[in-house]
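This report goes through selected features of a single protein chain. Please look at the sequence and the structure before reading on.

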Amino acid sequence: MSFWLTLVDLFLPRRCVVCGAELTSSERDLCNVCLCRLVPVRWSSVTDNPLLRSLWDKYDVEAAGSSLYYHSYSEYHKLFIAIKYQGCPQLGTKLAVLTFPIWYSMGLGVGVDAVIPIPLSWKRRLSRGYNQAEWIAKGVSKVIHVPVCTDILVRKKNNSTQTHKGAHERWNNTYGIFAVKKRQIDLNDKVVLLVDDIMTTGATLCDAIRALREAFPRVRLQVYTLGWSGDG
Ligand SMILES: [Zn+2]
């Protein structure tokens, strides 16, 4: 920790995004107590789990995993708010680096040719200043040593906020929002790992899969999200 950051801490103490406790000079975003209390998603397989089953009836995805529970009643939902809206995308990278190795050891990310984060529309990216999925993908990339590709999938429009919509509305709200940019790269027969921040209904992910499959009918897909909003 540099002298200047220590000095800034004296006057403007940094606080844990979950419990609000003052952070020590060696902590960033999350205090060590909250870090140790993280409850990881513990599915026993990357080829048969709740995330994968929620996608099976729509698209053929080979493997999937999710690291942390996202429930609004848990204090830990603040992690995702901080990563997504409060300028702490580096926390997404850190949590992916910490948690993805368990999935990697089970086969997720193995043999992958490209890591593709779910993109934001250019307008939302401009207003937010970053794409949180991209920062989570950076963490995955550090673990599996495969580059993050942000120039293949594009979000043509923003779906309006999904928060207060039912499952059916979410599907209608997301159909056709993604497209594939100039096809300089042929992803047929390649393995792509799609990365997003939170899996809720899967509507957004499925439209990204639809766009990739339309452009590359033989692309092989895996999915990873940092957060899982289901119970399983
Ligand atoms: Zn804390």
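With which residue does Glu62 form a salt bridge? The partner of Glu62 is Arg220, and the closest N and O atoms of the two are 2.8 Å apart. A salt bridge here is a side-chain nitrogen of Lys or Arg within 4 Å of a carboxyl oxygen of Asp or Glu. The pair links distant parts of the chain, 158 residues apart: Glu62 is in the loop between helix 3 (50-56) and strand 1 (63-69), and Arg220 is in strand 6 (residues 220-228). Helices (H or I, at least four residues) and strands (E, at least two) are DSSP runs, numbered from the N terminus.

The model is predicted: local features need pLDDT of at least 70, side-chain atom pairs count only at pLDDT 80 or more, and totals for chains, interfaces and linings use all residues. Residues are numbered from 1 along each chain as its sequence is written, and side-chain values use heavy atoms, with hydrogens and water left out.

**Salt bridges**

The count of salt bridges comes to 9. The table gives three of the pairs.

| Pair | N to O distance |
|---|---|
| Arg15 and Glu22 | 3.9 Å |
| Glu62 and Arg220 | 2.8 Å |
| Glu75 and Lys78 | 2.6 Å |

Asp207, Arg210 and Glu214 are linked in a network of salt bridges. For accessibility, buried means under 20% relative accessible area, exposed over 50%, and partly exposed in between (1.4 Å probe, protein chains only). Glu62 is partly exposed at 31%, and Arg220 is partly exposed at 37%.

**The zinc site**

The zinc ion has four protein donors, namely Cys16 (SG), Cys19 (SG), Cys31 (SG) and Cys34 (SG), which lie 2.3 Å from it. Donors are N, O and S atoms within 2.8 Å of the metal (3.2 Å for Na, K and Ca); water is not among the atoms, so sites may look incomplete. The 4 donor atoms subtend angles of 106 to 115°, so the arrangement is tetrahedral; for four donors this term requires all angles to lie between 85 and 135 degrees. In sequence, the donor residues follow the spacing C-x2-C-x11-C-x2-C. Cys19 and Cys31, 12 residues apart, are both in the loop between helix 1 (3-11) and helix 2 (32-36). Cys19 is partly exposed at 45%, whereas Cys31 is buried at 6%.

**The second largest pocket**

About 220 Å³ of space lies in the second largest pocket. On a 1 Å grid over the protein atoms alone, a pocket is an open set of points where a 1.4 Å probe fits, with protein on both sides within 12 Å along at least five of seven lines; lining residues have an atom within 4 Å of a point. This pocket is lined by 16 residues, and Pro119, Leu120, Arg125, Thr150 and Leu153 are the closest to its centre. Strand 3 (153-155) is one of the elements that supply at least two lining residues, and strand 3 gives the most, with 3 residues.

**Positive phi values**

Most residues other than glycine have a negative phi. His145 has a positive phi, near 60°, and lies in the loop between helix 7 (132-144) and strand 3. At 69% relative accessibility, His145 is exposed. Asp189 also has a positive phi, near 70°. Asp189 is in the loop between strand 4 (178-180) and strand 5 (191-199), and is partly exposed at 48%.

Definitions and conventions: Points joined across faces, edges and corners; volume = space filled by probe spheres on them. Tetrahedral: all angles 85-135°; square planar, octahedral: opposite > 155°, others 65-115°.
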